[in-house]
Amino acid sequence: MTHSGPATPLEARSSGPLSGKVRVPGDKSISHRSLILGALAVGETRISGLLEGEDVINTAKSMRALGASVERTGPFAWTVRGVGVGGFAEPAAALDFGNSGTGCRLVMGAVAGCPVTAVFDGDASLRSRPMRRILDPLELMGARTGDIKEGGRLPLTLHGARDPVPIVYRTPVASAQIKSAVLLAGLAAPGITTVIETEASRDHTELMMKHFGADITSEREGSHGRKISLAGQSELHGAEVVVPADPSSSAFPIVAALIVEGSDIVLSDVMTNPLRTGLFTTLREMGGSIEESEVRGDAGEPMAQLRVRGSKLRGVEVPPERAPSMIDEYLVLAVAASFAEGTTVMRGLQELRVKESDRLAATADMLRVNGVKVEISGDDLIVEGRGHVPGGGLVATHMDHRIAMSALVMGCAADKPVKVDDTAFIATSFPDFIPMMRALGAEFS
Ligand code: S3P
């Protein structure tokens, strides 16, 4: 999906206390994986709570194009009948992943293990993102690419391997997308595929592969890393998947409630996998009131109900090793830091430069146009919090859903309204963001 229509701007103004109980949509990472693993399994996979955002819908379409049956059976309820490991059919047309790096890169891994050729494409944002990091290990496993642009940019043609080779791969950056692509290709390779990461990244692929019956193990490697080993060429079996609420989407109402004085909100079923909750740890260190209750789990993924109350925040230092567990949350953390008293230093953010936009530059711009003092020093972001934000800025979205939502959250408590130039991309990950925030009391117009 490319959003070629007119831009849809929106303004957020300071509101009264936010209150109410909501469930944000299903986790995006788990939603993509449930469709892909369902398509590679034998038998039926029933998914409840799927995120019906554009990114995930594009993955569903790509699974259909590759031969799986994917049906919506009710609100957020989907059934997938898979083709078995290595069983993808050649798609008749290019696979269009729209704005989604995760969908595109994970499906590249799945296709790399099958003897089919597929063209991968996406919107202008995705076409600007590096794919070399995914193609390098997949080529070692036997996949081939056609003529490709510098950095392996889209559109590109991938020829999957007839006889995929298991490899031992040390990921050059902490990236669950690279790890998952290698593991998905490894499903079809004989023998053991191993991925070693120096900094552990989200482990949803490992947990879900296990849930589908794969022989996969994960052990500690060094002080912050993991070594994951997968035995290939064994069948996956269709399974039930309950998708918990997305902690990355919950970050927006959470920060809004923390910065709007007197707020008191409850978020249900939020996934609390420790490899995703770096933001919650950081906000608590800043003095944010976030209480967990009703802790439980499903298919290896923990979840809890969160109660969040308006809080006086203080600046903190966020260590670089925390980055993989909150990589998508720095934009909205920078908003919280702007309302805190004191300086917040966020270290080791080089990966933010290659997300849906250059998020390091875009975050600094978002803060600056709203009167916040901010500096980028190497790969670090330094925000001078003064307890309040002047606001009054127009924020450029750069085709990035999380910039749009972060700026609107900032407007909920800024002295003057904050405007975003385009809200269209919010539909990639959180289609109900605007009505849900309004239901909590946010003033968007
Ligand atoms: C994701 C991994 C992260 C994250 C993205 C989702 C995933 O990317 O930014 O939104 O589901 O595997 P990297 O693995 O490239 O850091």
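These are my notebook entries on a predicted model.

**Ground rules**

I number residues from 1 along each chain as its sequence is written. Since I look at a predicted model, local features need pLDDT of at least 70, side-chain atom pairs count only at pLDDT 80 or more, totals for chains, interfaces and linings use all residues, and side-chain values use heavy atoms, with hydrogens and water left out.

**Entry 1: the ligand**

A side-chain N or O atom of Arg-33 is 2.7 Å from an oxygen atom of the ligand. For Ser-175, the distance from a side-chain N or O atom to a ligand oxygen is 2.9 Å. Lys-355 places a polar side-chain atom 2.7 Å from a ligand oxygen. How much of the ligand does the protein bury? Alone, the ligand exposes 390 Å², and the protein buries 95% of that. I note that accessible areas come from the Shrake-Rupley method with a 1.4 Å probe; for residues, only the protein chains shown count as cover.

**Entry 2**

I then turned to strands. Helices (H or I, at least four residues) and strands (E, at least two) are DSSP runs, numbered from the N terminus. Two strands pair if DSSP finds at least two bridges between them.

I traced an open sheet of 4 strands in the order S18-S19-S21-S20, with mixed pairing. Its edge strands are S18 (317-318) and S20 (373-377), and each pairs on one side only. S18 pairs with S19 (residues 341-346) in the parallel sense, over 2 bridges. Val-318 has Met-346 in S19 as its bridge partner.

Which helices pack on this sheet? Helix H10 (residues 330-339) does, touching S18, S19 and S21 (380-386). The direction of H10 makes about 30° with that of S21. Helix H11 (residues 359-368) packs there too, touching S20 and S21. The direction of H11 makes about 160° with that of S20. Contact means heavy atoms within 4.5 Å. Axes are lines fitted to C-alpha atoms, for helices over the stretch in contact, and angles run from 0 to 180 degrees between N-to-C directions.

**Entry 3: the sheet with S6 to S9**

I looked up another open sheet of 4 strands, with the order S6-S7-S9-S8 and mixed pairing. S6 (95-96) and S8 (144-145) are the edge strands, each pairing on one side only. S6 and S7 (residues 117-121) run parallel and pair over 2 bridges. Asp-96 stands opposite Asp-121 in S7.

In the loop between S8 and S9 (156-159) I found Pro-155. A cis peptide bond joins Leu-154 to Pro-155, with omega about -5°. Most peptide bonds are trans, and most residues other than glycine have a negative phi.

**Entry 4: positive phi**

I kept a list of residues with positive phi. Phe-76 has a phi of about 65° and sits in the turn of the S4-S5 hairpin, which has 2 residues between its strands. S4 (residues 69-74) and S5 (residues 77-81) run antiparallel, joined by 5 bridges. Ser-69 has Arg-81 in S5 as its bridge partner.

Gln-233 has a phi of about 60°. Gln-233 lies in the loop between S13 (225-231) and S14 (240-242). Glu-294, in strand S16 (residues 289-298), has a phi near 45°.

**Entry 5: buried or exposed**

I used these cut-offs: buried means under 20% relative accessible area, exposed over 50%, partly exposed in between (1.4 Å probe, protein chains only).

Ser-125 lies in helix H4 (residues 124-127). Ser-125 counts as buried because its relative accessibility is 4%. Leaving out residues up to four places away in sequence, Ser-125 touches Asn-99, Glu-356 and Met-399.

Ser-268 is in strand S15 (residues 264-271). Ser-268 is at 14%, so this residue counts as buried. Beyond four places in sequence, the residues Ser-268 touches include Lys-21, Arg-23 and Gln-305.

Gln-233 counts as exposed, at 54% relative accessibility. Glu-261 counts as exposed at 68%, in the loop between helix H8 (247-259) and S15.

Terms used. Polar contact = N/O pair within 3.5 Å; in protein donor to acceptor, adjacent residues only side chain to side chain.
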